[in-house]
Number of protein chains: 2
Amino acid sequence: MSSNKMVIANGRFLVPGSEKPVLSGYMTIENDLITYIGEEKPVIEEGTVTLDGSRLLFMPGLVNTHGHAAMSLLRGYGDDMVLQAWLQEKMWPMEEKFTGDDVYWGTSLSVLEMLKGGTTTFLDMYDHMDRVAEVVEHSGIRAVLMRGVIGLCPEEVQNQKLAEAVAFARNWHGKADGRITSMISPHAPYTCPPDFFMRFVQAAHDLDLPMHTHMSETLREVEQNAADYGLRPVAHLEKLGMFTRPSLIAHGVHLNDEEIEILARHKVGVSHNPGSNLKLASGVARVPELLRAGVKVSLGTDGAASNNNLDMFEEMRLAALIHKGVSGDPTAVPAPEALLMATQYGAESVFLNQVGRLAAGMKADFIAIDIDQPHLLPHSDLLSHAVYSASAKDVEHVWVNGKQVVKHGQCLTLDEEKIRRKAQETFEGLLKR
Amino acid sequence: MSSNKMVIANGRFLVPGSEKPVLSGYMTIENDLITYIGEEKPVIEEGTVTLDGSRLLFMPGLVNTHGHAAMSLLRGYGDDMVLQAWLQEKMWPMEEKFTGDDVYWGTSLSVLEMLKGGTTTFLDMYDHMDRVAEVVEHSGIRAVLMRGVIGLCPEEVQNQKLAEAVAFARNWHGKADGRITSMISPHAPYTCPPDFFMRFVQAAHDLDLPMHTHMSETLREVEQNAADYGLRPVAHLEKLGMFTRPSLIAHGVHLNDEEIEILARHKVGVSHNPGSNLKLASGVARVPELLRAGVKVSLGTDGAASNNNLDMFEEMRLAALIHKGVSGDPTAVPAPEALLMATQYGAESVFLNQVGRLAAGMKADFIAIDIDQPHLLPHSDLLSHAVYSASAKDVEHVWVNGKQVVKHGQCLTLDEEKIRRKAQETFEGLLKR
């Protein structure tokens with residue numbers, strides 16, 4: 001059986017954390033794996049596909065560790081509003097109307113945007129997840145999918161939702177050539193009563209899956225948790241047993257020192273969503289402190305309705321910029337750290353240990369950006385340019401699991417024209433329903 | 001004499017501040033002016049050039065009110081450093097070597113980036129300004145140019161620099177079909193001793209030109225000013241007479257209530273540079289308070305070495321995002337206000353009252369972005385998309401003074417290939433000198 005092999009020649013490759021973070025040389029891909037990366041030219045057998053990398057910068061694909069893909073349908077539908085009004089008057093009434101088809105087209109729009117923008121793995125917590133999985137399956141992207149459950153409902157509805165979440169994880173974990181994995185995801189401590197939350201912990205144990213939830217996004221929610229349960233959210237979730245499972249929490253904006261210490265001790269990851277946290281005025285997460293305490297911090301876009309795009313380069317840059325400005329320390333979150341947050345730490349945070357780095361033995365999830373452009377010149381420090389100067393639209397090529405899914409900026413796996421038309425139609429339809 | 005006329009049909013046009021901020025209709029351009037904009041179809045004479053605007057969103061060209069264009073040569077050459085080390089070890093030793101040719105190529109690189117990214121007017125404060133003016137002249141961009149003078153030098157050098165600044169303003173103000181205007185610009189109160197600063201004020205009176213300077217960018221500089229002169233920078237500049245001239249200050253990060261009141265009273269504009277202020281850890285300017293006090297706040301990129309790009313969409317988004325996150329108020333700097341800061345307020349801040357809006361009688365400085373893209377769908381609120389979702393690379397066409405300078409993303413007036421090559425060569429040459 002002949003293997004599917006490609007060699008990239010004369011490329012520049014980002015390997016943050018290593019001695020030479022911008023490596024000039026070669027990378028070999030066989031089937032779904034990177035089999036070689038180094039300065040020395042490998043032996044290239046006759047007939048092997050060779051790609052000239054000389055105008056390109058290769059990086060690990062970006063990993064978006066928190067979001068709600070279908071919410072791209074509500075992009076720009078309500079901005080600059082107080083959170084409760086935005087949710088109650090704008091988001092929830094529209095989301096209530098979402099059918100499986102709506103979720104399918106909203107997710108398609110988001111996956112198209114993410115792939116073209118260099119995101120090769122995304123976490124999605126939403127409803128109608130079978131339809132999300134369908135999009136993942138045929139788009140070629142990698143995803144960590146879970147039914148997010150809000151438990152403010154009668155017990156039989158709770159039971160049904162939990163059963164759905166479990167069934168989804170059971171059906172889809174490991175599917176699509178292993179590109180789909182799953183987690184167990186109660187929506188948040190303030191939307192899932194303690195007893196109900198604990199049933200998710202049990203389910204995660206039963207299925208041997210990690211857990212994900214929203215936590216401490218707003219100050220109000222933290223105060224409410226303390227009022228309702230006598231504990232701040234971290235101690236509350238610790239008590240409910242969540243951290244007996246490998247866990248990732250989204251946001252973590254309002255954390256005190258003790259809470260950071262608890263998260264570090266249990267190796268709980270934090271998905272930092274700087275764009276969404278700023279836009280919704282939730283605040284600025286204590287990222288430098290989290291990193292110093294050894295907490296794995298990754299990056300997420302959240303839904304496009306509170307961002308308002310899914311450009312992970314922008315999240316990476318925001319993470320590198322805002323903590324400097326707010327702390328007064330220009331060395332806070334330096335560029336290599338921001339890049340690691342968007343790649344390796346992201347992959348590790350969603351428990352994909354073969355993704356997020358360019359190294360032999362890793363899955364071939366990588367992207368190439370066109371560096372021969374005015375805003376990326378001169379070529380002083382290409383890692384700096386990737387973090388501080390580039391954007392989603394600089395992405396030229398994208399590979400996931402060894403398969404090229406974007407070529408010269410065009411998505412090879414999705415019908416872009418159709419998705420654009422359907423997204424607009426779906427939004428207009430929702431307005432009328 | 002036949003006039004040069006064009007009609008844009010079936011377009012969407014951003015007119016922030018008016019009742020319908022997204023207008024669907026038509027716009028007519030004759031020579032260098034917008035002569036009509038409205039929902040009703042105008043009479044179109046036979047032979048008039050018509051542009052189908054149906055996949056495009058038209059906006060005023062973006063106005064970048066503070067920067068040092070040639071510094072793009074130092075993009076990525078030193079990041080994540082403490083300000084003084086960055087200046088003393090990285091920027092100043094390199095800038096000292098800059099020749100007129102270096103400034104010419106660095107400025108060419110920046111103007112190319114700005115035009116392609118939808119910036120139609122930029123303010124530039126630097127040295128070798130004749131070479132900057134050359135680039136402006138043949139690129140077709142609009143610019144407000146000034147020799148920025150650092151006065152920490154012997155008196156005869158001070159005299160020579162001041163004479164240069166005056167000669168430049170005299171020679172170039174109103175040139176290039178009026179696309180070049182000038183201001184008088186002592187670099188900063190901490191780099192120009194009071195007596196010397198006052199000679200600039202006098203020169204500005206003599207030439208009847210406005211003034212520009214850096215002010216209160218860092219806390220340290222404010223404290224130093226108080227220690228040296230017994231006054232904080234605003235009162236100090238007021239005392240030196242700067243505000244008897246129409247004035248624009250750059251940064252204004254550290255301002256107390258009294259200072260904001262003084263700036264408002266004298267109608268002094270503030271060029272807010274959020275990207276640079278965050279990256280250099282200078283802090284977060286009190287933009288909501290400035291706007292509430294009636295101060296005209298515009299947006300600048302600062303030099304690309306501290307940004308690290310010249311994407312004014314990014315500055316607009318940062319301005320809309322960070323003040324929400326830091327203040328806790330999601331209604332702070334709403335999208336229309338951020339757009340005004342990047343356009344109309346910018347033009348007014350650099351004293352160009354015929355630029356910055358799409359309206360009959362205004363100069364035809366405008367841009368079109370391609371809105372039929374995944375990250376700009378659905379078309380819920382195109383003004384929101386322009387601020388929260390778009391980037392420089394979404395710019396499809398650019399016109400300045402009625403002349404098209406970018407078409408389908410390609411610059412029509414500059415030799416991009418040559419500029420890219422020269423920028424890289426110049427940087428490499430600087431490293432070796």
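# Briefing: chains A and B

Chain B and chain A together bury about 4,600 Å², and 60% of that area is on carbon and sulfur atoms. On the side of chain B, Asp80(B), Pro374(B) and Lys393(B) lose the most area to chain A, together 15% of what that side buries. The model is predicted.

**The interface**

- Contact between the two chains involves 61 residues of chain B and 62 residues of chain A.
- Eight salt bridges are counted between chain B and chain A.
- One of them pairs Asp394(A) with Lys393(B), whose closest N and O atoms are 2.9 Å apart.
- Polar contacts across the interface of chain B and chain A come to 35 residue pairs, both residues being at pLDDT 80 or more.
- Six elements of chain B each give two or more residues to the side that touches chain A: α2 (100-116), α9 (274-279), α11 (312-327), α12 (335-342), α14 (382-388) and α15 (416-432).
- Of these, α11(B) gives the most, with eight residues.
- Sorted by class, the side of chain B that touches chain A has 25 nonpolar, 19 polar and 17 charged residues.

**Salt bridges**

- Side chains of opposite charge can pair when their charged atoms come close.
- Over all chains, the whole structure has 54 salt bridges.
- In chain A, Lys279(A) forms a salt bridge with Asp79(A), with 2.7 Å between the closest N and O atoms. This pair links distant parts of the chain: Lys279(A) is in helix α9 (residues 274-279), Asp79(A) is in the loop between β6 (62-64) and α1 (83-96), and the two are 200 residues apart. Both Lys279(A) and Asp79(A) are buried.
- Asp101(A) forms a salt bridge with Arg131(A), the closest N and O atoms being 2.8 Å apart. Here the link runs from helix α2 (residues 100-116) of chain A, which holds Asp101(A), to helix α3 (residues 129-139) of chain A, which holds Arg131(A), 30 residues apart. Asp101(A) is partly exposed at 42% relative accessibility. Arg131(A) is partly exposed too, at 22%.
- In chain B, the side chains of Glu113(B) and Arg75(B) form a salt bridge at 3.1 Å, N to O. Glu113(B) lies in helix α2 of chain B and Arg75(B) in the loop between β6 (62-64) and α1 of chain B, so the pair ties together parts 38 residues apart in sequence. Both Glu113(B) and Arg75(B) are buried.
- A network of salt bridges links Arg55(A), Asp372(A), Lys116(B), Glu416(B), Glu417(B) and Arg420(B).

**Cysteines**

- The count of disulfides over all chains is zero.
- Take Cys192(A): the closest cysteine sulfur, in Cys153(A), is 8.2 Å from its own sulfur, so the two are too far apart for a bond. A disulfide needs the two sulfur atoms within 2.5 Å.
- Cys192(A) counts as buried, at 1% relative accessibility.
- Cys411(B) is buried as well, with a relative accessible area of 12%.

**Two residues of chain B**

- Thr343(B) sits in the loop between α12 and α13 (344-349) of chain B. Thr343(B) counts as buried, at 1% relative accessibility.
- Leaving out residues up to four places away in sequence, Thr343(B) touches Pro60(B), Gly61(B), Leu62(B), Val63(B) and Gly356(B).
- Leu83(B) belongs to helix α1 (residues 83-97) of chain B. Leu83(B) and Leu280(B) are 197 residues apart in sequence, yet 6.3 Å apart in space, C-alpha to C-alpha.
- With residues up to four places away in sequence not counted, Leu83(B) touches Pro330(A), Thr218(B) and Leu280(B).

**Backbone details**

- The peptide bond from Asn307(A) to Asn308(A) is cis, with omega near 10°. Asn308(A) lies in the loop between β14 (297-299) and α11 (312-327) of chain A.
- In chain B, the peptide bond from Asn307(B) to Asn308(B) is cis, with omega near 5°. Asn308(B) lies in the loop between β14 (297-299) and α11 of chain B.
- Val333(A) is not a glycine, but has a positive phi of about 40°. Val333(A) is in the loop between α11 and α12 (335-342) of chain A, and counts as buried at 4% relative accessibility.
- Ser216(B), also a residue other than glycine, has a positive phi near 50°. Ser216(B) is in the loop between β11 (211-215) and α6 (219-229) of chain B, and counts as buried at 0% relative accessibility.

Definitions and conventions: Residues are numbered from 1 along each chain as its sequence is written. Chains are lettered from A and ligands numbered from 1 in the order in which they are written. This is a predicted model: local features need pLDDT of at least 70, side-chain atom pairs count only at pLDDT 80 or more; totals for chains, interfaces and linings use all residues. Side-chain values use heavy atoms; hydrogens and water are left out. Contact means heavy atoms within 4.5 Å. Buried area is the accessible area (1.4 Å probe) that two parts lose on being put together, summed over both. A salt bridge is a side-chain nitrogen of Lys or Arg within 4 Å of a carboxyl oxygen of Asp or Glu. A polar contact is a pair of N or O atoms within 3.5 Å; within protein, one must be able to donate a hydrogen and the other to accept it, and residues adjacent in sequence count only if both atoms are side-chain atoms. Helices (H or I, at least four residues) and strands (E, at least two) are DSSP runs, numbered from the N terminus. Ala, Val, Leu, Ile, Met, Phe, Trp, Tyr, Cys and Pro count as nonpolar, Asp, Glu, Lys and Arg as charged, and the others, Gly among them, as polar. Buried means under 20% relative accessible area, exposed over 50%, partly exposed in between (1.4 Å probe, protein chains only).
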